[in-house]
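User: I have a new structure to go through. Can you walk me through it?

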Amino acid sequence: MKRFIGFLKKEFYHIFRDKRSLFILFGMPVAQIMLFGFAITNEINNVNIAILDKSEDVTTKEIINKISSSTYFTIEQFIINEAEIETIFKKGKIKAVLIFEKDFSKNLIKENNASVQIITDATDPNTASTISNYANSMLQKYQQEVNKSIEIPYQIIPKSRMIFNQELKSVFMFVPGVMTIILMLVSAMMTSISITREKELGTMEILLVSPLKPFQVIIGKVVPYIFLSIINAIVIVLLSIFIFEMPVQGSLLLLGVESVIFIVNALSLGILISTISATQQTAMMVSLMGLMLPVILLSGFIFPINSMPEILQVISNVIPATWYIIILKGIMLKGVGLAIIWKETLILVAMTLFFIALSIKKYKIRLE
Amino acid sequence: MKNNNVIKAEKLTKKFGDFTAVNAIIFEVKKGEIFGFLGANGAGKTTAMKMLIGISIPTSGKAKVAGYDVFTDPENIKKNIGYMSQKFSLYDDLTVKENITFFGGIYGLSRKEIKAKRCQLVEELGLEEIVNELVGSLPLGWKQKLAFSVALLHEPKIIFLDEPTGGVDPITRRQFWEMIYKTANNGTTVFVTTHYMDEAEYCDRVSIMVDGRIEALDTPKKLKEQFNVNSMNDVFLKLARG
């Protein structure tokens, strides 16, 4: 045990004396959360739009007023004919054009039917569909207000409500993802690098010739990163609670336990990577390509898994991060307990055990 | 005489697939001897050494190191040997003191013993001024002497040196060999691989490996007589060229 503590002390010296790894360890989580929280967002705000009002009557004026008073849209300019539309889109500042048909009011009253065309710049499809949704719902709202006085015998009014994230804050979606990425990065990449560094320097040989057992060496390498990952997870959760007012509905204890499972999972992946790579650089590349990219692209962090091609859906199912993100979202946003997410937890535990077994096996083979 | 052998290899063999890296080598090393283990690159000396220090399992044959069997008792071997490789094997980002403490610690020395050893080392090597410096900032020669002393911290019966003098200047090499002599005089067996044939002359006995086999084994003087040449360099060239 005393040998082991000496070993841990040495590991912490390594970590705290290497400015670069310190930065990755503690700078990255904060930077990432801030970046995703403030800069990268799916919400729309002050989108510049143009309006082509062919009727210019009371109703269209009212609607235009409503739109301009909202924070979502800024009416940048009024245009007078369709020919202008293409030119202004090409300039790029205007993201959407609203076209009111001729005799809008009249049609509305006489035929109970008037139309507005919404044209959006779909070079960025996500923003385009969000803009069109927002514009749609504003028009609907207006319709409901006008219709209040009029009795219509049959009408279906959809009233949708977004639960678990009422304000549709995108930071709520990013926090679980960023937490997953950071834990993966710190645990898998940093451990694999720190193990391959000893290989590269030749000190691994010295350790293996010493009475320390190989598994003691590995545990000694891994334990500091478990500590640091836990600290990181706590920092991320605190930042998201206090800066982004993200609620943690479920049990913090459960959140902690699940995170430790995921951390151990990532660490065993890190050991696995270190057994197949001879240099720190290879270890870093393998971690980035083999772990980070799938986590970002395929785990459901940014792109919904349901809309992926089937083959990618299958791949996404074997990525531990996929399950951890489901668990995180469940606990943080929905406040569910183990009764609901036991299946995901079980999958995560099974994967963890599998990777531990695999890395031990690989490690032994390498020694012979 | 038999009890005097600290290393005894009998037909020790290591195969990687079809390739035989070490082919049934037979040799003995006596206590307190400086045993030179020579061979060209790829002749199998590193593989042979790895089997003796317990990090590679032999394919067949027998070997005892410090009285323990390499198959059944590698753990006890590890406690009784020291090892220094061609890469300097200390941590650059730890200070001299921290390195000593760490390596003393993994060999199970108590805090008191480590402190005593450290003071002794500091005095012998004149380290007073650099004991709290990072090892990375020291000149190569210093690192090497320090690595050697650290490998001896736990007072092993045998010390294995894998090309310990690669890349250092002749003066430092000379000083290093003085340290080796001193160690051998204190009763520690020194098992050293080297490329430098002038160093082979300093050894009590040398073995020369060619293609996995030991082709010659004797004192430098007798080897030179046997091959009828003037230096170990010529002995080596004669053997290696077949």
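Analyst: To begin with a term: domain bounds here come from an automatic or database domain assignment. On that basis chain A is divided into domain 1 (47-163) and domain 2 (170-367). This is a predicted model, where local features need pLDDT of at least 70, side-chain atom pairs count only at pLDDT 80 or more, and totals for chains, interfaces and linings use all residues. Residues are numbered from 1 along each chain as its sequence is written, and chains are lettered from A and ligands numbered from 1 in the order in which they are written.

User: What separates the centres of domain 1 and domain 2 of chain A?

Analyst: The two centres, taken over C-alpha atoms, are separated by 46 Å.

User: Which strands form the open sheet in chain A, and in what order?

Analyst: The order is E2-E1-E3-E4, four strands with mixed pairing. Strands (E, at least two residues) and helices (H or I, at least four) are DSSP runs numbered from the N terminus. Two strands pair if DSSP finds at least two bridges between them. At the edges are strand E2 (73-79) and strand E4 (116-120) of chain A, each pairing on one side only. From one strand to the next the twist averages 25 degrees.

User: How many bridges join E1 and E3 of chain A?

Analyst: Five, between strand E1 (residues 47-53) and strand E3 (residues 96-100) of chain A, and these run parallel. Asp53(A) has Phe100(A) of E3(A) opposite.

User: Which helix lies across E1, E3 and E4 of chain A?

Analyst: Helix H6 (residues 125-147) of chain A, which runs at about 160 degrees to E4(A). For such angles, axes are lines fitted to C-alpha atoms, for helices over the stretch in contact, and the angles run from 0 to 180 degrees between N-to-C directions.

User: And helix H4 of chain A, how many of its residues are buried?

Analyst: Zero of the nine residues of helix H4 (residues 83-91) of chain A are buried, so H4(A) lies largely in the open. A residue is buried if 20 or more other C-beta atoms lie within 10 Å of its own, exposed if 12 or fewer, and partly exposed in between, with C-beta atoms placed from the backbone. Just after H4(A) comes Gly92(A), with a positive phi of about 95 degrees.

User: Is Pro304(A) buried or exposed?

Analyst: Pro304(A) counts as exposed because it has 8 C-beta neighbours inside 10 Å. Its place is the loop between helix H11 (280-298) and helix H12 (310-317) of chain A. From C-alpha to C-alpha, Pro304(A) and Asp53(A) are 38 Å apart in space, and they are 251 residues apart in sequence.

User: New topic. How many residues has the largest nonpolar core?

Analyst: It has 128 residues, and those with the most contacts inside it are Val178(A), Leu183(A), Met184(A), Leu52(B), Phe160(B) and Phe191(B). A nonpolar core is a set of buried Ala, Val, Leu, Ile, Met, Phe, Trp, Tyr and Cys residues joined through C-beta atoms within 7 Å. Helix H7 (residues 170-201) of chain A gives the largest share of this core, 17 residues. Apart from this core lies another, of 16 residues, including Ile51(A) and Val97(A).

User: What does Met184(A) touch?

Analyst: Leaving out residues up to four places away in sequence, Met184(A) touches Ala266(A), Leu291(A), Met292(A), Val295(A) and Ala321(A). Contact between two residues needs C-beta atoms, placed from the backbone, within 7 Å.

User: How many residues of chain B are in contact with chain A?

Analyst: 19 residues of chain B, against 21 residues of chain A. Helix H2 (74-80) and helix H3 (96-106) of chain B each supply at least two residues of that side of chain B. H3(B) gives the most, with four residues.

User: Where is Asp211(B)?

Analyst: Asp211(B) is in the loop between strand E9 (205-210) and strand E10 (213-218) of chain B. E9(B) and E10(B) form a hairpin with two residues between them, and Asp211(B) in the turn has a positive phi of about 50 degrees. The two strands pair in the antiparallel sense over five bridges, and Ser207(B) stands opposite Leu217(B) in E10(B).
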